[in-house]
Amino acid sequence: MSAGSGPFDPGPEGRATHLVLANSLGRLSLWPVWREVPAGWSVRFGPAPHAACAAALEPDRQQD
Amino acid sequence: MTALLTDADGAGPEHRPDAPDAPAVELPLTAAQSGMWYAQSLDPPSPAQNTAECLEIDGPLDPELFAAALRRVTAEADALRVSVVDSPDGPRQRVLPSVALPLTTHDLRDASDAVRRAEEWMRADLAEPFDLTAGPLFRHALFRVGEERWLWYQRIHHLVMDGFGYSLLVRRTAQVYTALARGEAPGPRVFGTLADLVDEDAAYRSSEAFTADRTHWTEAFADRPEVPRLAGRGALPSRTFLRRTAHLGPETTEGVRELASRLRATWPDVLIAAQALYTSRATGHREVVLGLPMMGRMGSVSLRVPGMVMNVLPLRLDVSPDATFAELVRQVVLGIREVRRHQRFRYEDIRRDLRLLGENRGLVGPLVNVMPFDYAVDFAGAPARARNLSAGPVDDLTVNIYDRADGRGLRIDHDGNPALYADGELAAHQERFLNLVERLSGADPHVPTAAHGIATAAELELVLGTFNDTERALPPTTLIGPIESRAARTPEATALVYGDTSLTYEELNTRANRLARHLRTLGARPGAVVAVSVPRSVELVVSLLAVLKAGAAYLPLDPDYPEQRLAYMLRDAAPVCAVTDRAGRLPEDTGTPLVVLDGLDVSGYLWVNPSRPLTPAHPAYVIYTSGSTGRPKGVVVSHGAIDNRLRWMQSAYGLTSDDRVLQKTPSSFDVSVWEFFWPLRQGAVLVVAEPGGHRDPAYLARLIREQGVTTCHFVPSMLQVFLVEEEAKACGGLRRVFCSGEALPRETADAFGRELPGAELHNLYGPTEAAVDVTSHACAAEAAGPVPIGRPVWNTRLYVLDAALQPCPPGIPGELYLAGRQLAEGYLNRPGLTASRFVADPFGRPEERMYRTGDLAHWTAQGEAVYLGRTDDQVKLRGQRIELGEIETALTARDGVDAACALVREDRPGEQRLVGYITGGADPVAVRASLARELPEHLVPAAVVALEAFPLSPNGKLDRRALPAPVFSGGAGSRRPSNAREEALTRLFAQVLGADRVGPDDTFFDLGGTSLLAVRLVARVREEFGAELTIGSLFESPTPATLAARLGSSGPASEDALDVVLRLRGGDGRPPLFAIHPAGGIAWCYAGLSARLGPEQPVYGIQARGLVGDEALPRTLQEEASDYVRHIRAIQEHGPYRLLGWSVGGVLAHTVAVLLQEAGEQVELLALLDAFPAEQWRERPAPEEGDALTAVLRMAGFERTHERNREDVLGTLRRAGSPLAGLSDRALSKIVDIVPNHARMMREHHHRDYEGDLLFFTAAAPRAEDWLTREAWRAHVTGSIDNHDLDCTHPQLMQDRHLDDIAAVLAARLKELDA
């Protein structure tokens, strides 16, 4: 598995590659747009670029 | 074998219609042939280059006519009449005008197993190598296996024939035979000559097309991509290959053809795309490079010549899970179109141009060999079907796909190099490939390929279900509850041992309860966080329990971490309070209320368990780990998660009250969680190691033996070091040892089995994010190969997923994801990071999450996971998790650093070191030093290297492989070793560090020293010097000079070490301690004391004048002391002063102290070591030279016995290896003068009064001079005498054992003065 190309890594600049999913417990999950959404989760944000999803996850704009 | 029908021999000229009686023609080899010649010459007896085919002919056949047809074709095809000779100009092929026809014919009509016997024969023949120089390089056999059924076998060396060549030969043979059978003329020769082929090759190689092709390929592969292979590695081709044959069912074949036409492609394009998808997923590489065997025949000439022309060319494809299969097929179509245009440029030449040859790197992964040659031939009406038996050497894996026009659909042969693939693996690859093709052919090609995995349905059931069958119903308990129940059941049992202290369960519980109640008053409750920064001790255990009892989660803060790091964690986690052992431990400006245990009285609190509304969902602890963007992140683990982990551990290993568990892991690492709490839940004894003890294998071995430890943990690299420790063998009481934190090498597991045969070794695995460990594997004695991380623990599932988040079958590497009860809640205050690491689980129950570890793993067929490495930049160094990004961020933040990169290097096997690289003007030494002030020790690079610029690969990325190894070389501009001991130590340092040169003042850790190398160095020092030395002493005395000083009662032996001022330990933190020499005038004896006072306390020895040079000896002690006062004030201009002296040195120290006070300075410490005032000696006779020799011996720690003169004394010193023996004769003679001079001066001296207290150490063993009494000092001291008796003689006072005691008292006093 080569670095930087994983399902949760940023895709090409500007491409809407990811979603933010949520479950009923309030847990959130980043998710690649090309993979079927797992049972029990629904799309809360996106499809959007990775950075936009990351920003949507952190209201205070702190990112790691 | 039955009767031979014909034994065809040489074809007569009458059979060769156009055979000229020409001499042999000599031709050079084509580029295509040269590589094969070279490969064959490397291994002449290898049959790997055999190619072979078998044609089944159904119908009547005349063997005589068949032989005649073969003779004719042989005469027409130059390539078959070739042998290859080596000449001074290189290998040349000699085309003979005629060769004997090597044909055997076998009549097997009567045999019941005719076909099998024929195939056996073929197999045996295929294993025979050709002799290139002798020729002929082909062979035929004709088997009659039925009345009207024949097998025609032909084997040809690949150097002279390729697959297309076969088709030319077969068609011509059929044509000639048919003509002969009908009594017709076969028609003229249709083949071109071999010379034509060679000419065409030469013409191409000097053409513009060749140059253009070369440019195309070097540009297309300028970045020299890594080539993914299904076996994960490469190997030389073997002499044989494995083959699995299968057919795509007619329905699937039809589906593939339909899909191809819908996508405006051919069926080979679809199968190549499928193989690319399979390879990408099976290797975890988004980009794959397949090898495509190409006909290579572009001109009309070569299309008519049977010979070796074919070429293998790389097809580079980007296989992304978000792209559709239709897009992938389109990529293949366009890619092949391009490859075809440049197909004459040789594979070997591309490799050479890309400089892959020298590195023995491949250009392509699996080959897909599509052979759509037309084999619709018949022999005078008897139809024939061809079957390939060998397509030549197999480097890696070749998928041969045949579409013989025989109506049977696509045949697929998987050929594998047996050096890389076992039979079963090859079969699995084939089965999955066929399965994938089947699914693709029936699926919508316009959805992302992520919808398709490579595992078969049976494999999916195995890896998702069977291997993860871990469900287990458990009571809803917490981490702390079971400990409290245990304390109630066995209150009198021993719970904890630390040094001489031992606590029962009741005592421990009571202390923790009282502290817990205190913490509650500060806001500790379920859901809150309480920081704990206490060195390993009883108090640490009490504090952790107290936090949990209060219901809060504990946040361990390593007291050794730099202040900045601690402050960050306090601000980030915002604990309600922080427990520390003493004031000053934690930064006070973070707003966190501190609970200082030192002096805290909690006796007023109730001793019973506090009640609290705690549930398994509440957090139990928060542990920080390295963060990739520079900020460490706090992992929040719930009670339910860790409770599951400990319940599993108890069921797996059954701890009892007989067990004693070692606690040595720092509390900031999560391994410590089970060390602390598992034994306390089970009624076992917790044996707590001293702070720092976890680094010292000798100490650990001793502790394990003395304390009867049965259970402990080692990081594998530390286990390795421990096992070579002499005392490890004596740790027979160990029942089980757990490893985790990094990959456990098989060699270490084997060594464990040898050294500790009575103990079990368990390999555990897990990130902090999943409650310590999630898998386990019990190491077995006879096992081989990598040690698996094992099977999942209770209520835990492992998923090995490919780039499309689809499960990988056993044996296929993928990223490891974890799911189940042990997952952490997430990262404290980091919702974004949490949501990108803890993601939706597509395989579990609805709404579940899985944690993405970033670790690579694969399943074994038995359901164990094997760790393979990382997907990202995170590294493990000696079990500690390091995000290289965090170090890079820290490096880049320094002034003068433009860019930075960090990596772990292993320049010498087994020695991993963290190295940082920087560009910009910053001084790398200063950068490293400033990092050390900010980052925990394990995150500080062993070296920082400054570069002009970072090396880049052709595509402009940082080329990590080209980064230079750091040169760990000290000694630049430093002094030379000043004695034999320093010399020896600089040598040992250099050896252990692998450094060119080490100076006596170079610091071990600045030269790339790691804690593991430290262990090795200490072992070497013990060996060479026979000295007892601990790891701790190296941390305190990290240079050869300081270590030399520490090693004995003395250190340097060169002249400069005999100066008046001898710096034993420098530094400017605290006021220095001045230690004045005893009678011999040398102060080296204080080195051991200096080392024991720690790195913070500067110590200067004061030595007598006259040891060097021809200075006159002082006449009075007063004069001598005044001289010393000048030297002391040159170092420390004003008081308060700290003075110490042993023997005569004590008398001098008192005198110096008085002089300083008289000069208006303050003296805050006067410590006398078995020194007695002048008047006690006055009436006693002064020593002569004989007594001086006694004094010299005493300086070295010996009592005088047989020594009569200077020579004898020197002999004794040399035999004992005393550093004093290294003194020059002149210096030694001086000592013999200095000793009586001091005796004289002392007797003449009159003490004045010292204003203050005296710290006194008495050598309390009975002595000859029984009239000596410290009470005599009362006349010269205004304050009190604080005496400490030591059970030793006067000379023994400076020996290690007693120095420990003296240093302890001194250190305590110095600490009071500092405060």
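In this predicted model, begin with chain A and select strands E1, E2 and E3, which form an open sheet of three strands in the order E2-E1-E3, with antiparallel pairing. The edges of this sheet are strand E2, residues 28-32, and strand E3, residues 42-48, each of which pairs on one side only. If you turn the view to look along the sheet, the twist to look for averages 25° from one strand to the next.

Next, select residues 18-22 of chain A, which are strand E1, and follow the antiparallel pairing of this strand with E2(A) over five bridges. Which residue in E2(A) stands opposite Val20(A)? Showing side chains here will lead you to Leu30(A), the residue in E2(A) that faces Val20(A) across the pairing.

Then move to chain B and select Phe130(B) together with Arg155(B), whose charged end sits over the ring of Phe130(B), 4.1 Å from the ring centre. A further selection of this kind is Phe221(B) with Arg316(B), where the charged end of the arginine sits over the ring, 5.3 Å from its centre.

For the last stop, select Trp648(B), Tyr653(B), Trp674(B), Trp678(B) and Phe738(B), which ring pairs link into a cluster. Counting ring centres within 6.5 Å as paired, there are 28 aromatic pairs over all chains.

Methods. Residues are numbered from 1 along each chain as its sequence is written. Chains are lettered from A and ligands numbered from 1 in the order in which they are written. This is a predicted model: local features need pLDDT of at least 70, side-chain atom pairs count only at pLDDT 80 or more; totals for chains, interfaces and linings use all residues. Side-chain values use heavy atoms; hydrogens and water are left out. Rings of Phe, Tyr and Trp (its six-membered ring) pair if their centres lie within 6.5 Å; planes under 30 degrees apart count as stacked, over 60 as edge-to-face and the rest as tilted. A charge sits over a ring if NZ of Lys or CZ of Arg is within 6 Å of the ring centre and within 35 degrees of the ring normal. Two strands pair if DSSP finds at least two bridges between them. Helices (H or I, at least four residues) and strands (E, at least two) are DSSP runs, numbered from the N terminus. Axes are lines fitted to C-alpha atoms, for helices over the stretch in contact, and angles run from 0 to 180 degrees between N-to-C directions.
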